[in-house]
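These are my notebook entries on one protein model. I record what I looked up, entry by entry.

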Amino acid sequence: MEDVQKITMLAMKEDSPERDRDALLAILSFNVMLRASEAAEIKWAGVTQRDGMIEVHVEKAKNDQLRLGRSSFFNYEPGSDADILMCRWRLRTKGKCPYVFSHLNSSKKLSKTAISTLSTKMLAAIGKPGATHHCFRRGGANHMRRIGHSMEEIQCRGRWRSAAGLQRYLTDVPTAQGCLQSQAEADDEDDDD
């Protein structure tokens, strides 16, 4: 979450189409736990914002055998950085491309490889050399678990076929295994009271 916030802050400090696009890529990839191939296929028509929620329709999910697509949802604050970046990037692209993640000066969508390359570049810019686009997916799953979401909720949002597939993304920490607060943290809070 902190890394996505750093990437977002870089975009908010500059008036740069590239930074806007890249920060939006980080925000959606983290919150929706997108695979690079899924991010490349996201269309503007499949991204809706209403009542403090963003729906992202993934037309070609890895585990969508019926090819119906899958939708993932996450909450956001209207007027938040995520909301502003979504609006700025949408205005900058001016309807040239039906895909959310496109080249800066053309109407062509970014490929899976381009999405991966951009992600590695933006993560290196915030001091995470060697990190890849997949880190957003893993980080999103761990963040949801850390704040108390069930395995089923994480599995559904991230479009994992099975809990076993999701399990390898979660880190070996107490919160990933259902312990939302360690006894040492609870004792520290009691001492503060």
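**Entry 1: Overall make-up**

I note that the model is predicted. On that basis I find nine helices and three strands in the protein. Read from the N terminus, the elements follow the order α-α-α-β-β-β-α-α-α-α-α-α.

I then looked up how much of the chain is covered. Of the 193 residues in the protein, 44% are buried. The accessible surface comes to about 10,500 Å², and carbon and sulfur atoms account for 51% of it. I also looked up the contacts with a separation of 6 or more: 61% of them are between residues 24 or more positions apart.

**Entry 2: Helix α1**

I checked the length of α1 first. Its twelve residues, at 1.5 Å a residue, should span 16 Å, and the end C-alpha atoms are 16 Å apart, which agrees.

Which residues of α1 are buried? I find Val4, Ile7, Thr8 and Ala11. These residues cover an arc of only 100 degrees around the axis, so they lie on the same side of α1. They pack against α2, α4, α5 and α6 (134–146). On the face turned away from this buried side, I find the exposed residues Glu2 and Lys13.

In soluble globular proteins, nonpolar side chains tend to be buried together.

Leaving out residues up to four places away in sequence, Leu28 touches Met33, Leu34, Val56, Phe74, Met86 and Phe101.

**Entry 3: Ser29, a polar residue**

Ser29 lies in helix α2 (residues 17–32). Is Ser29 buried or exposed? Its relative accessibility is 0%, and buried means under 20%, so Ser29 counts as buried.

I next looked up the partners of its side chain. The side chain of Ser29 reaches the backbone oxygen of Leu25 at 2.8 Å. A polar contact of 2.8 Å also joins the side chains of Ser29 and His133. Not counting residues up to four places away in sequence, Ser29 touches Leu34, Ala39, His133, Phe136 and Arg137.

**Entry 4: Two positive phi values**

Finally, I looked up backbone angles. Met33 has a phi near 55 degrees, a positive value in a residue other than glycine. Met33 is found in the loop between α2 and α3. With a relative accessible area of 0%, Met33 is buried.

Arg159 is not a glycine either, and its phi is positive, at about 60 degrees. Where is Arg159 found? I place Arg159 in the loop between α7 (151–158) and α8 (163–167). Its relative accessibility is 0%, so Arg159 counts as buried.

Technical notes:
Residues numbered from 1 in each chain as written. Predicted model: local features only at pLDDT ≥ 70, side-chain atom pairs only at ≥ 80, totals over all residues. Heavy atoms only, no water. Helix = DSSP H or I, 4+ residues; strand = E, 2+ residues; numbered from the N terminus. Buried < 20%, exposed > 50% of the residue type's maximum accessible area, 1.4 Å probe, protein only. Polar contact = N/O pair within 3.5 Å; in protein donor to acceptor, adjacent residues only side chain to side chain. Contact = heavy atoms within 4.5 Å. Areas by Shrake-Rupley, 256 points an atom, 1.4 Å probe, with all protein chains shown as cover. Expected span 1.5 Å × (residues − 1). Arc of directions from axis to C-beta.
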